[in-house]
Amino acid sequence: MNLFEEISEDLFRPLTGINKKKYADLLTLAWDKCKRMPMYAIEKSTVFDMAEEYLLGLDETIELDDDEKEELDTPSFDARSIAGGFIRRLKDTGWLVEKEGEYEEESKIAINYKIVPILKSFQEIISPSIVTYKGKLFKIYSMFEHISEHGSPYEGVLKEASEDFDNLNQALRTLAAAIEDHIDALTSGKKPEEILEFFEKYEEKIVVGSYHRFKTNDNLFYYRTSLYESLDRCEDELMDALVEDYIDTERVDREEAFIRIRELIQKIRMDIEEMEATMRTIDDRHILYRTRAVQKAQFMLLSDGSVKSKINNLLRFYASGIRSRDDMYEEDDTCIFDVFQIYGQNYFDSASLATPVRKRKPTLIEMMFMEEDLDLEIVNEKNRKMMEYIRNALTSENVNTYAGTVLKGKTAVSARHLFEEKPDDLVKIIGLFTYQNSPEREYDIRLKDEYVESHGVRFKEFIVEGRKA
């Protein structure tokens with residue numbers, strides 16, 4: 001279906017003429033008055049009064065194009081007549097609709113319900129809404145945690161979560177595309193020194209201040225495992241309930257309902273992956289545009305006519321004339337000679353200005369003589385203890401091996417469970433926590449708010465999870 005099969009082909013004509021800004025303002029005023037009214041409608045006289053008041057408030061002579069002059073049914077060009085012409089044109093092109101009043105009621109002007117999404121888009125461009133990522137993620141997480149108790153698991157949880165993920169990812173993509181403009185706006189009009197000083201506190205002023213609500217890696221990391229586990233349950237024990245709810249809601253047969261539920265679950269998995277990828281892009285864009293802004297400021301600082309800039313330019317000019325070592329000793333008759341006295345390394349002495357370091361003479365290695373043979377039993381015992389120490393040492397490799405052992409066949413395991421089963425593994429459990437931020441780790445740690453007390457030891461509970469590829 002084509003867009004203009006639903007709306008008038010002349011819909012955007014008022015927004016292309018010489019008075020396009022006035023039409024846009026009138027639509028905004030009408031939308032503000034109508035958006036909360038039943039059927040988006042208000043009294044006709046109210047709309048005309050609003051348009052007349054707006055035009056009078058401009059305090060300027062209003063020029064009309066040829067079409068607007070023809071559409072005015074009166075030769076007078078006063079504000080009331082022009083306001084009526086503008087409103088009629090918005091009706092004729094499909095933005096507004098006139099509705100007959102009921103008994104003893106005045107006629108009304110309504111926003112065309114078909115173009116409400118367009119007006120909302122215009123408003124979103126002017127005043128972008130702030131999406132609370134943490135709140136939406138927690139909402140999705142909470143819904144999935146209680147999906148088995150929900151009376152409509154498809155309509156109330158799965159479908160709702162899919163729409164929320166669509167909104168989240170759309171907002172994140174918009175953010176990623178807007179970072180360059182955002183940083184340009186933050187640095188516009190600033191002196192180079194101010195920009196460099198500003199970016200010294202980049203994390204505090206931009207990432208934490210302006211983008212804190214977008215830094216959702218920790219939140220997504222916290223919820224990700226639980227969300228995947230809930231989706232696994234949807235494909236297994238909750239599938240029948242989801243299919244039944246889909247049949248009741250969408251009115252389709254069981255086979256199609258089963259296929260659609262499987263597709264929706266897979267879509268949500270892909271939504272989570274897309275969110276992770278978009279957030280990585282946001283971080284990369286921050287670094288890229290911050291670096292560009294700093295480099296631009298540095299260039300401007302060296303080209304702003306200051307003393308530092310002048311000295312830098314003089315040195316660059318001098319260096320540009322040096323092609324070989326011999327050029328350093330030729331007579332200098334340029335303007336630089338009056339400013340700097342630059343000498344080659346051999347000016348003071350034919351020897352280097354740096355004193356060379358004296359190398360130590362190698363000495364002979366004395367031979368070692370064994371007075372008696374080593375006891376092989378002692379040697380083997382020491383070797384055994386050494387190997388045992390190496391195997392149990394808290395290295396990244398050994399910690400990864402231990403994590404792989406405890407997670408074998410499992411998605412996650414708690415530190416409490418590990419310690420209660422094998423108290424002797426306390427050092428290894430500490431190793432898991434110690435290496436949680438290591439780039440070589442092959443597992444993830446999720447901290448919990450509760451504390452564990454077992455075998456006389458007290459520590460904060462955490463969950464060991466397999467790291468996603």
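I began at V457, which touches F419, L426 and V452, leaving out residues up to four places away in sequence; contact here means heavy atoms within 4.5 Å. The model is predicted, so local features need pLDDT of at least 70 and side-chain atom pairs count only at pLDDT 80 or more, while totals for chains, interfaces and linings use all residues. Residues are numbered from 1 along each chain as its sequence is written, and side-chain values use heavy atoms, with hydrogens and water left out.

**Entry 1, V457.** I placed V457 in strand β6, residues 457-466. Helices (H or I, at least four residues) and strands (E, at least two) are DSSP runs numbered from the N terminus. V457 has a relative accessible area of 23%, so I logged V457 as partly exposed. The classes are buried under 20% relative accessible area, exposed over 50% and partly exposed in between, with a 1.4 Å probe and protein chains only. For the pair V457 and L426, 31 residues apart along the chain, I noted a C-alpha separation of 9.4 Å.

I counted 18 helices and 6 strands in the protein chain. Of its 469 residues, 33% are buried. I put the accessible surface at about 31,600 Å², with 51% belonging to carbon and sulfur atoms; such areas come from the Shrake-Rupley method with a 1.4 Å probe, and for residues only the protein chains shown count as cover. Among contacts with a separation of 6 or more, 65% are between residues 24 or more positions apart.

I looked up the cores next, each a set of buried Ala, Val, Leu, Ile, Met, Phe, Trp, Tyr and Cys residues joined through side-chain atoms within 4.5 Å. In soluble globular proteins, nonpolar side chains tend to be buried together. The largest core here has 38 residues, and those with the most contacts inside it are I140, F144, L158, F165, C234, L242 and I261. Two or more residues each come from α6 (133-145), α7 (153-187), α10 (217-235), α11 (239-250) and α12 (254-301). Helix α7 gives the largest share, 11 residues. I then listed the contacts of L158, leaving aside neighbours within four places in sequence: F144, P153, C234, L242, I261, L264, I265 and I268. A second, separate core has 30 residues, including Y54, L64, I82 and I109.

I found M275 in helix α12. Its relative accessible area is 1%, so M275 is buried.

Which helix axes did I find 11 Å apart at an angle of about 110 degrees? They are those of α1 (residues 20-34) and α5 (residues 116-126). Axes are lines fitted to C-alpha atoms, for helices over the stretch in contact, and angles run from 0 to 180 degrees between N-to-C directions. The two helices are therefore roughly perpendicular. By the cut-offs, angles under 35 degrees are roughly parallel, over 145 roughly antiparallel, 65 to 115 roughly perpendicular and the rest oblique. L27, T28 and W31 of α1 meet V116, L119, K120 and Q123 of α5. I sorted these residues into 4 nonpolar, 2 polar and 1 charged. Ala, Val, Leu, Ile, Met, Phe, Trp, Tyr, Cys and Pro count as nonpolar, Asp, Glu, Lys and Arg as charged, and the others, Gly among them, as polar.

K22, Y23, L26 and L27 of α1 make the contact with F86, R89 and L90 of α4. I logged 5 nonpolar, no polar and 2 charged residues there. R89 of α4 has 4% relative accessibility and so counts as buried. Apart from residues up to four places away in sequence, R89 touches R13, P14, Y23, D65, D67, E68 and E71.

Most residues other than glycine have a negative phi. I noted M39, not a glycine, at a positive phi of about 60 degrees. M39 lies in the loop between α1 and β1 (41-43) and is exposed, with a relative accessible area of 61%. D59, also not a glycine, has a positive phi of about 55 degrees. I found D59 in the loop between α2 (44-58) and α3 (66-71), exposed at a relative accessible area of 70%.
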